[in-house]
Amino acid sequence: MHSYNPAAIEKKWQTYWLKHKTFKTPMDRSKPKYYVLDMFPYPSGSGLHVGHPEGYTATDIMARYKRMKGFNVLHPMGWDAFGLPAEQYAVQTGTHPRITTEHNIKRFREQLQAIGFSYDWDREVNTTDPTYFKWTQWIFLKLYEMGLAYEDEVAVNWCPELGTVLANEEVIDGKSEVGGYPVVRRPMRQWVLKITAYAERLLQDLDDLDWPKSLKDMQRNWIGKSVGAEIDFAIQGYEVEKIRVFTTRPDTLFGATYMVLAPEHHLVDIITSEQQRSSVQEYVETSAAKSDLDRQELSKEKTGVWTGAFAIHPVTKKQIPIWIADYVLLSYGTGAIMAVPAQDERDWEFAEAFDLPIVRTVEPEEGFTGKAYTGDGPAINSDFLNGMGVAEAKTTMIQWLEDHGVGSKAINYKLRDWLFSRQRYWGEPFPIIHTDEGAVPLSEDQLPLELPKVDNYQPTGDGEPPLANATEWVNITDPATAKPAKRETNTMPQWAGSCWYYLRYISPDWEGGPVDPDYESYWMPVDLYVGGAEHAVLHLLYARFWHKVLFDLGVVSTKEPFQKLVNQGMILGEMEYTAAQKNEKWIPIDEADETSDKIRLADEEVEKKGDHFVIKGTDIRIEARAHKMSKSRGNVINPDHIIEEFGADSLRLYEMFMGPLEQVKPWSTKGVDGVNRFLHRAWRLLVNEESGELKSTIYEIEPNKEQLKVLHTVIKKVSEDIDAMRFNTAISALMIFVNEANTWSQMPKALAQNFVQILSPFAPHISEELWVKLGHQESIAYQHWPVFDEQWLVDNEIMYPIQINGKVRAELFVSTERAMDKQYVLEQAKANEKIQGYLEGNRLVKEIFVPKRIVNLVIAPR
RNA sequence: GCCAAAGUGGCGGAAUUGGUAGACGCGCACGACUCAAAAUCGUGUUCCUUCGGGAGUGUGGGUUCGAUUCCCACCUUUGGUACCA
């Protein structure tokens with residue numbers, strides 16, 4: 001028997017591709033280019049999960065398709081290999097992270113090759129390779145030279161459990177994103193990158209990118225631009241000091257009834273009166289001790305203390321009290337606000353709590369019953385602004401402030417500078433030494449600066465990084481001054497290496513810089529970048545920032561790195577039915593709590609009643625949903641097992657057939673079975689299972705009209721669907737073709753070849769094998785993509801659905817020549833026997849004729 | 001709370017410049033082949049029905065000859081974000 005046997009053919013073709021370097025990226029630049037990129041993985045110890053191959057299959061189909069369409073394709077893969085898990089493993093076992101990492105990379109590479117991805121493996125990059133991170137360090141030096149990297153003593157997110165500092169983005173609800181450990185604020189000396197200097201460009205340049213709207217919105221929100229004014233308030237009894245506030249509502253200045261400083265604001269100490277000093281101090285201390293989590297939990301009630309000081313209103317010259325409160329953040333704006341309770345909900349709450357005056361300066365809409373009014377309306381109680389709408393009042397007030405030298409238009413961003421150091425071992429060392437004179441960068445020729453060997457990978461308890469233990473490495477002599485100096489012991493965060501890896505693929509061996517400018521100008525930008533939505537703000541914002549810096553340096557030629565971006569949706573585990581029991585009795589799932597037992601039911605134990613699933617034969621509601629795959633839930637699907645049972649082509653096909661790429665969707669191993677059956681049918685369509693040869697019904701004959709129509713329909717559909725990345729419907733079209741072709745008694749060989757060609761991006765192994773059986777010696781990878789011909793799609797008859805009052809009641813077949821003849825078609829429609837029945841006894845009110853689409857007859861009772 | 005996306009058979013999903021709702025696949029049922037099973041092939045499969053039809057794309061309205069598609073309100077789910085002045 002020679003039935004379809006993926007185990008036999010897949011290994012064979014994977015070996016063939018590697019041996020012949022089938023997918024080596026062409027070095028000629030005569031053809032149009034297509035750079036298709038995957039987000040490279042962190043090679044974890046648990047290996048690939050089924051989520052990885054989803055995006056990777058999509059890009060592989062694009063890569064294979066574009067090659068056949070005559071493009072030079074750059075389709076590389078690499079490893080984002082610095083990171084915490086390998087280091088934690090090192091802490092536990094003493095195994096050097098490099099060994100763990102290499103081992104994991106080997107496993108990942110084998111797994112990816114077993115799925116038949118067409119990567120150019122000669123371009124593999126590894127962020128932990130000194131020849132790679134030499135250039136990560138080089139870029140850091142450039143950032144330093146440009147004044148975009150600086151050291152600062154900042155209150156950071158310190159995670160005692162992980163022994164490291166985290167970026168704001170790595171803290172979720174006051175806990176670490178990795179592990180969910182508590183995070184506290186703590187001042188520390190840190191490297192910071194001035195991403196805020198690029199805020200405006202990072203915001204503006206989003207407009208021209210072909211990215212999902214939701215993702216652009218996320219980045220816009222993250223950057224958080226707001227336009228308003230900065231206003232200076234004089235302080236009663238002080239000549240020099242002023243309180244500068246930022247506000248988006250300068251039009252409400254007349255409603256400012258008090259001021260609030262952040263507890264950490266530098267003026268607090270200066271202006272606090274003697275009577276208030278002890279209570280202010282107490283408040284400052286308690287809020288400093290609070291972690292972010294505490295602040296959020298206590299956020300419902302506003303707290304604060306009066307400083308005893310007064311500010312002078314810049315227009316009215318009235319005295320208004322100055323408070324401190326932790327609802328004002330030092331890190332945003334100027335760390336001080338003018339409080340306008342009537343037009344700001346937070347200020348209203350605070351004013352209510354402490355009995356401070358409230359003055360409305362915007363007339364609320366009629367019927368407004370709320371407290372603070374943030375909508376538009378005419379200004380009131382506002383002197384020269386009275387009667388103006390919000391927008392006009394804003395510009396008028398800004399003009400007044402500028403004229404009087406007490407304020408000006410201002411823009412603020414939520415985006416903060418990027419905390420760039422980590423107290424870890426397994427990361428890029430900073431090319432920096434600390435001397436008496438301060439931080440001094442290494443010169444380029446001293447790169448790469450490699451990690452020293454250490455005996456202990458654990459951070460010291462007080463937050464000194466593990467590298468501090470490597471005293472021989474740390475203590476050096478400054479070559480410039482011959483004085484003793486110390487190396488920087490922090491390392492860079494994992495994001496560093498992934499900020500520019502897409503450039504290294506272009507010229508992985510180039511020694512003159514991060515990327516060979518000659519090839520950079522050919523390959524950039526990335527034409528298609530596919531990865532998970534979890535990187536929407538972190539990686540993608542950081543990489544864009546670095547790219548813009550490199551653009552300013554002339555290292556790259558495009559202002560944005562990734563022209564088109566697609567997020568693949570997560571793959572969930574299999575659908576699960578869960579019922580609840582309390583004291584051994586079934587209860588509806590929505591009444592279940594911690595004390596009830598959750599019991600998983602099999603498919604045949606449940607049924608759907610109305611909108612809900614219930615236990616079969618009862619009305620007891622259960623939960624029906626798919627969950628995120630996780631080890632603890634035990635619903636993780638291992639791609640190795642799927643390949644073993646069904647083959648890589650089936651895995652690829654199923655991952656694409658499940659649904660739209662961007663969507664979250666549940667896994668179903670039964671579904672893999674379905675696409676596997678399709679591949680068996682496709683095989684049997686062409687191969688005689690007795691002999692293993694091409695079927696005798698396939699030979700060089702002229703295709704008939706019907707066959708050409710079926711063929712060109714599928715070519716058109718598959719081509720258009722790949723272009724639009726609608727892989728699920730493309731596969732459906734291939735299935736329809738096979739179902740059709742199976743009814744033919746004989747098949748023209750040319751037609752069989754075209755089918756195998758358009759199947760090949762999806763299921764490359766079986767396609768290579770069938771290609772050989774069709775008599776070819778070369779790989780199918782560079783065959784020309786078939787061109788569809790519109791002429792074969794034209795029917796000689798057109799079917800018109802005939803509707804009566806919008807409901808289809810009959811079908812009418814009209815020859816193509818007469819199909820546009822409105823009068824004729826309507827006549828035929830009305831003559832239809834079935835339609836006659838409807839017309840009888842009724843009045844024909846209206847006749848709708850849409851060419852080549854539909855006929856609708858509107859009738860009414862006589 | 002705010003921003004965004006999405007709600008279609010038992011399940012995954014298809015169809016949107018408004019024109020036959022449910023393609024394709026899973027599951028299920030029946031039939032063929034088989035001693036039998038698996039595999040394979042074939043037929044059917046939105047629901048209700050008095051077999052004439054009727055209802056139907058989260059809910060309620062609206063626009064239209066015609067709405068899954070457009071508009072308004074609401075509900076639910078998912079993702080993001082949260083004292084950002």
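**Contacts with the RNA**

Mentor: Start with asparagine 739. An N or O atom in its side chain is 3.1 Å from a phosphate oxygen of RNA strand B. Keep in mind that this is a predicted model.

Trainee: Which helix gives the most to the surface near RNA strand B?
Mentor: Helix α22, residues 727-741, with six residues.

Trainee: And how far is the polar side-chain atom of arginine 677 from a phosphate oxygen of RNA strand B?
Mentor: That distance is 2.7 Å. Asparagine 856 goes to a base instead: a side-chain N or O atom lies 2.5 Å from a base oxygen of RNA strand B.

Trainee: How many residues surround RNA strand B?
Mentor: 54, and Thr248, Lys302, Arg346, Met799 and Asn856 are the closest. Of the RNA atoms within 4 Å of the protein, 66% belong to sugar and phosphate.

Trainee: What classes of residue make up that surface?
Mentor: 24 nonpolar, 13 polar and 17 charged.

Trainee: New topic. Which way do strands β5 and β9 run?
Mentor: Antiparallel, joined by 10 bridges. Glutamate 151 stands opposite tryptophan 191 in β9. β9 also runs antiparallel to β17, residues 418-419, with two bridges. There, valine 192 has leucine 419 as its bridge partner.

Trainee: Is alanine 831 buried or exposed?
Mentor: Exposed, because its relative accessible area is 52% and the cut-off for exposed is over 50%. Alanine 831 sits in helix α25, residues 822-831.

Trainee: How far apart in space are alanine 831 and glutamate 151?
Mentor: 87 Å, C-alpha to C-alpha, and 680 residues apart in sequence. The C-alpha centres of domain 1 and domain 5 are 73 Å apart.

Notes: Residues are numbered from 1 along each chain as its sequence is written. Chains are lettered from A and ligands numbered from 1 in the order in which they are written. This is a predicted model: local features need pLDDT of at least 70, side-chain atom pairs count only at pLDDT 80 or more; totals for chains, interfaces and linings use all residues. Side-chain values use heavy atoms; hydrogens and water are left out. Helices (H or I, at least four residues) and strands (E, at least two) are DSSP runs, numbered from the N terminus. Buried means under 20% relative accessible area, exposed over 50%, partly exposed in between (1.4 Å probe, protein chains only). Domain bounds come from an automatic or database domain assignment. Two strands pair if DSSP finds at least two bridges between them. A residue is near a molecule or strand if one of its heavy atoms lies within 4 Å of it. A polar contact is a pair of N or O atoms within 3.5 Å; within protein, one must be able to donate a hydrogen and the other to accept it, and residues adjacent in sequence count only if both atoms are side-chain atoms. Ala, Val, Leu, Ile, Met, Phe, Trp, Tyr, Cys and Pro count as nonpolar, Asp, Glu, Lys and Arg as charged, and the others, Gly among them, as polar.
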